[in-house]
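Please find below a short note on the model under review.

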Amino acid sequence: MKKETYQNYINGRWVKPKSGAMIENRNPADKRDLVGLFPASQGEDVEAGVSAAIEAYPKWKATPAPKRAEILYKLAQILLDRKEQYSSDMTREMGKVLKEARGDVQEAIDMTFYTAGEGRRLQGYTTPSELPNKFAMCVRQPVGICSLITPWNFPMAIPSWKMMPALICGNTLVIKPAEDTPLSTINLVKAAEEAGVPAGVINIVMGTGEAAGAPLTTHPGVRLVSFTGSTDTGRIVAENSARTDKICSLEMGGKNVIIVMDDGDLDLAAEGATWGAFGTSGQRCTASSRVVVHKKVYKKFVEKLTERARSLKIGNGLDKKVEMGPVINEAALRKILHYVEIGKQMDGATLHLGGNRLTRGNYSHGFFIEPTIFTDVEPGMRIAQEEIFGPVISIIPCRDLDDAIRIGNDVKYGLSSSIFTQDVNRAFKAMEQMHTGIFYVNSSTIGAEVHLPFGGTKGTGNGHREGAMVSSLDIFSEWKSIYVDYSGRLQKAQIDEFKIAK
Ligand code: UN1
């Protein structure tokens, strides 16, 4: 069979990486299935991408924002028309079940339509001056050249969260998708090309983080780096960015918690925990990897969750009946199984369900792990503190709401949290006291919508928020404050005294 070969996209052309080296991308549900060969780019390819972005910048910046928006509307429509194709491509390269892949593409569609609307707003504001006959206002200006470094777990949604606000603000960009999922980003960029994004405005350079990602964080021509991935890598991105005074927006790990109170709807909570922990095989930054349960309902909750988790159908996500797909690759599989060992041996938690790789029959061709539940987990254990990024959930007992909030907050991350309770007082107290960027009542920790700020406190990020217009515009534009003096004389702020007429 002919091997499908893909190229970088630089200055409006699909081009080979200069070295000619390629990376194989295989289906994680069936390693025999080669999705294609993708460029293993290096510094020289990044150089070409950044140069193209620099060249295209003046014209794109000078294009009126409502005209940039018209292209985004077209792009959103193309994504909508191709939703099925892009979703099945995504399931094939990433493994998430088709229903979730459709959700991922839908999130990119939502983000694109939503951002297009901003073309006729991009609001700044006017405000009074302290001096007479002087006008004061501030406007947003593009930042310049943006490097976007994106993860494999949301291969179209997350690129869209970065790309669309970058474009509407008038920036040009180079994107480096994760080497496990380049096809979904290629699909997004092909759609953008078809919608009329001019050459050089979007460039893709594919390859590994070390060879293709790192140069994007050090290149002197780049003004902004937007990164989603692990906290360890994010820190390197931040250090590199700091050396060349780049704006740097980081979206990193999570150790999200569901709190289940004794008055909570236990069936709903078990359903929420199943979806939050095992959806996307636990490979979301927002995954519910801890449940803190009131001791009065602990046993009952564990029973209900176990029943649901045990019934999950695992397999190739293209099969409609399958509810949980594989994990992304061999390294991820090993890391998750290593955490299962840590949970059993070092932490001394009870392995209540799962914990094994599935190897029988067709499973042997992919990276499948059983849904895994640890019980009798103590808050300080490593499995309750560290991000596992797989289908593993830790159930921790608590005495009361204060105890639950304390345990919930006592991790180095702060992305998402939730509470199941029927008591409005408890819900509001947890809402106020959980130190996370996202909070849910009577729902799981996953399922953020594009028009609300997305991001987290503490080790999850460096204070920026994606999604929601103002917060993403604040990443991808810089303020310009403008003073217009029409008094005809040199007025001095803070020096001249204005006399109030009697
Ligand atoms: C991520 O896991 O990095 O809220 C993104 C959610 C999705 C986005 C997750 N809408 O789970």
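1. The model is predicted: local features need pLDDT of at least 70, side-chain atom pairs count only at pLDDT 80 or more, and totals for chains, interfaces and linings use all residues. Residues are numbered from 1 along each chain as its sequence is written, and side-chain values use heavy atoms, with hydrogens and water left out.

2. Helix α2 (residues 65–81) packs on helix α6 (residues 182–195) at about 130 degrees, with the axes 8 Å apart. That angle makes α2 oblique to α6 (angles under 35 degrees count as roughly parallel, over 145 as roughly antiparallel, 65 to 115 as roughly perpendicular and the rest as oblique). Ile71, Lys74, Leu75, Ile78 and Leu79 of α2 make the contact with Leu188, Ala191, Ala192, Glu194 and Ala195 of α6, where contact means heavy atoms within 4.5 Å. By class, eight of these residues are nonpolar, none polar and two charged.

3. Helix α3 (residues 83–94) and helix α4 (residues 98–117) cross at roughly 125 degrees, their axes coming within 8 Å; they are therefore oblique to each other. The residues that meet include Tyr86 and Met90 in α3 and Val105 and Ile109 in α4. The contact of α3 with α4 has six nonpolar, four polar and four charged residues.

4. A polar side-chain atom of threonine 286 lies 2.8 Å from a ligand oxygen atom, and one of asparagine 153 lies 3.4 Å from an oxygen atom of the ligand. Glycine 447 places a backbone N or O atom 3.0 Å from a ligand oxygen atom.

Methods
Axes fitted to C-alpha atoms, helices over the stretch in contact; angles between N-to-C directions. Helix = DSSP H or I, 4+ residues; strand = E, 2+ residues; numbered from the N terminus. Nonpolar A, V, L, I, M, F, W, Y, C, P; charged D, E, K, R; others polar. Polar contact = N/O pair within 3.5 Å; in protein donor to acceptor, adjacent residues only side chain to side chain.
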